[in-house]
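Here is a brief report on one structure. Please keep the sequence and the model open while reading.

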Amino acid sequence: MKRDDRMTDFRTTRREALKLAGGVAALGAIAGAVPTAARAAAPMLGVSRPSIYRFKLGAFEVTTILDGFVQGNGPHPTFGANQPAETVQALVAAHGLPTTRHENPYVVTVVNTGKELVLFDAGNPKGRMKTAGHLSDLLVTAGYSPAQVDIVVLTHGHPDHVGGLMADGKAIYPNARYVFGAQEFDYWNKGDNIAENRKATRELFMQQAAPLAEKSTMIKASDEVVSGIRSAAAYGHSPGMLAFHIESEGRRLYNWADTANHYLITLQHPEWHVAFDQDRDMAVETRKKTFDMLAMEKIPVVGFHMPFPSVGWVEKASTGYRWVPASFQFNL
Ligand SMILES: [Zn+2]
């Protein structure tokens, strides 16, 4: 074919041009559809959260595990129980949190001292809710078998802390001994003066914790659990709650259990009441004293209800204190 003939082939009439335009449009539609058909739309996978976090503390290894979480209405009136709803809502809104929905995580701490594997609290009962009670499964994912746990330390007797001690009447950690604060154990075990809203807590304690009394060491504040782990009084949230100093090779960590149970509200306003606290005024005093000590001495913290991985610092702020999450400093 000569060059001129080729040119002629591409010359089009108006009718042909319209046909061509339609064809091009059709082609365009196909072109648009082809890539989608070739790579099917990625499925929605839902939220994915980290649930195991391990770091070094001197010669110890510390692992935090997300037993689960609960979502519900709040934070008011659970948090800021003695404040108007608008005051609490204004605070959370100013920090980017929802005003009428709330999430509370449950985070268990495991310390491997090299000699003992120590579990701080046992999490929720398996099956209590879909979103919690995962500790014993995640422990395996984290590299430990329940049979390896040497000591289970119970900070206090509430369901999210003692609920995961037994399943079907059997101890989940078959080789462990247990450490309870004597004051806390006696309170729930005796069962005098249990408030109406804590009757179920007492019932669960009798199922989950009381049968383990014979295998338990009852301690008081300032007692040593093992070398490097020592208790501290943290009364108020519950009658005999204990917190724990953890130290190895000069590196320190404080497990404050439920001293603070909202990383923003109870830190910024330790004086605001929390509905979960049994003696609300005493809990306020414990928070103030604890935050002061941790901020002054710059001691890092693990907290059962802090956002996962639940490791951070307390800093003094213009009002109250501020939670500062940890980053990589432990591993260097
Ligand atoms: Zn708790």
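Where does Pro309 lie? Pro309 sits in the loop between strand 14 and strand 15.

## Basis

This is a predicted model: local features need pLDDT of at least 70, side-chain atom pairs count only at pLDDT 80 or more, and totals for chains, interfaces and linings use all residues. Residue numbers start from 1 along each chain as its sequence is written. Helices (H or I, at least four residues) and strands (E, at least two) are DSSP runs, numbered from the N terminus.

Seven strands make an open, mixed sheet, ordered 10-11-12-13-14-15-16. Its edges are strand 10 (224-226) and strand 16 (321-325), each pairing on one side only. Pairing requires at least two DSSP bridges between two strands. Strand 11 (residues 229-233) and strand 12 (residues 242-248) run antiparallel, joined by five bridges. Ser231 has Phe244 of strand 12 as its bridge partner.

Helix 9 (residues 280-297) lies across strand 13 (251-255), strand 14 (301-302), strand 15 (311-316) and strand 16. Helix 9 runs at about 95° to strand 15. Contact means C-beta atoms, placed from the backbone, within 7 Å. Axes are lines fitted to C-alpha atoms, for helices over the stretch in contact; angles run from 0 to 180 degrees between N-to-C directions.

## Backbone features in the loops

Phe308 and Pro309 are joined by a cis peptide bond, with omega about 10°. Ser310 lies in the loop between strand 14 and strand 15. Ser310 is not a glycine, yet its phi is positive, about 70°. Ser310 is buried, with 24 C-beta neighbours inside 10 Å; the cut-off for buried is 20 or more other C-beta atoms within 10 Å, for exposed 12 or fewer, and partly exposed falls in between, with C-beta atoms placed from the backbone.

Lys298, in the loop between helix 9 and strand 14, also has a positive phi, about 50°. Lys298 is exposed, with 10 other C-beta atoms within 10 Å.

Key: Contact = placed C-beta atoms within 7 Å.
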